[in-house]
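Welcome! Please take a moment to look over the sequence and the model below before reading on.

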Amino acid sequence: MKNLLLSTAVLIGAAAAANAEPVKYVLDPSHSQIVFSYEHLGYSTTTGMFSGFDGEIMFDEADPAASSVSVSFPTDSLYTGWAERTAHFLTGDFFGAEENPTISFVSTGIEVTGEDEGKITGDLTINGITKSVVIDAELTQKADHPMENKPWVGFDGELTVLRSDFDMGQFAPYVSDEVEIEISIEATPAE
């Protein structure tokens, strides 16, 4: 009888875990950023970054493919390390920040490719243009945050986009049309 009760408890626990609802996480804007790089005239690799994220992850630990991501950030949060370049990038020649003050990504599907890895397909909107992209993503850690004393998750991601797809192809091919993007975010359950 004792074994029957134990087996039943294990089965109920497994069924509950399998039917667990996704948990809503909100991004930690102080530890989430996007860094992009591109080739400049064959001489150098130049980088820039965005920050100031607002977004959420609906994380389904039991079925990661059922998770979703929605992120946005201000176009003018761009930092390139040189004020004149940043100002030019924010004009209509590139990001069109005045007309398009927000860059966003909304997932449309997730394919699990490994224990902590997956491909996140979604709609990326830059310069008022939306294109489907695929992010190679990795869950870097899921644990209690040692200073915040609450659950925390981290994800890294990579993708490549063509500037010309977003009507930002000025100076291509001399300045590379391909832009490598690296994403690193932290998030905590919404309260």
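## About the model

This is a predicted model, in which local features need pLDDT of at least 70, side-chain atom pairs count only at pLDDT 80 or more, and totals for chains, interfaces and linings use all residues. Residues are numbered from 1 along each chain as its sequence is written, and side-chain values use heavy atoms, with hydrogens and water left out.

Strands here are DSSP runs of E with at least two residues, numbered from the N terminus. Ser44 counts as partly exposed because its relative accessibility is 31%; buried means under 20% relative accessible area, exposed means over 50%, and partly exposed lies in between (1.4 Å probe, protein chains only).

Apart from neighbours within four places in sequence, Ser44 touches Tyr38 and Glu39, where contact means heavy atoms within 4.5 Å. Ser32 makes for another view: 12 residues separate Ser32 from Ser44 in sequence, and their C-alpha atoms are 26 Å apart in space.

## Two patches on the surface

Glu39 also belongs to a patch of negative charge on the surface, together with Glu115, Asp116, Glu117, Glu138, Asp156, Glu158, Glu178, Glu180 and Glu182. The elements that give two or more residues to this negative patch are strand S9 (151–162) and strand S10 (178–189). S10 gives the most, with 3 residues, and Glu182 has its place in S10. Patch members have over 30% relative accessible area and no salt bridge; like charges are joined within 9 Å, and nonpolar side chains (Val, Leu, Ile, Met, Phe, Trp, Tyr) within 5 Å. Asp and Glu count as negative and Lys and Arg as positive, while His and the chain ends are not counted. Each charge is placed at NZ of Lys, CZ of Arg, CG of Asp or CD of Glu.

The nonpolar patch on the surface is formed by Leu41, Tyr43 and Tyr174, with about 440 Å² of accessible area together. That area comes from the Shrake-Rupley method with a 1.4 Å probe, and for residues only the protein chains shown count as cover. Tyr174 lies in the loop between S9 and S10 and counts as exposed because its relative accessibility is 60%.

## Salt bridges across the chain

How many salt bridges does a search of the whole structure find? There are 4, each being a side-chain nitrogen of Lys or Arg within 4 Å of a carboxyl oxygen of Asp or Glu. In one of them, the side chains of Lys142 and Glu61 meet at 3.4 Å, N to O. This pair links distant parts of the chain, 81 residues apart: Lys142 is in strand S8 (residues 129–144), and Glu61 is in the loop between strand S4 (54–59) and strand S5 (68–74). Lys142 is partly exposed at 37% relative accessibility, whereas Glu61 is exposed at 52%.

Lys119 and Asp136 also form a salt bridge, at 2.5 Å from N to O. Lys119 in strand S7 (residues 117–126) is 17 residues from Asp136 in strand S8. Lys119 is partly exposed at 33%, and Asp136 is partly exposed at 37%. Glu191 pairs with Lys150 in a salt bridge, with the closest N and O atoms 3.1 Å apart. Glu191 lies in the segment after S10 and Lys150 in the loop between S8 and S9, so this pair ties together parts 41 residues apart in sequence. Glu191 is exposed at 88% relative accessibility, and Lys150 is partly exposed at 24%.

Methods
Helices (H or I, at least four residues) and strands (E, at least two) are DSSP runs, numbered from the N terminus.
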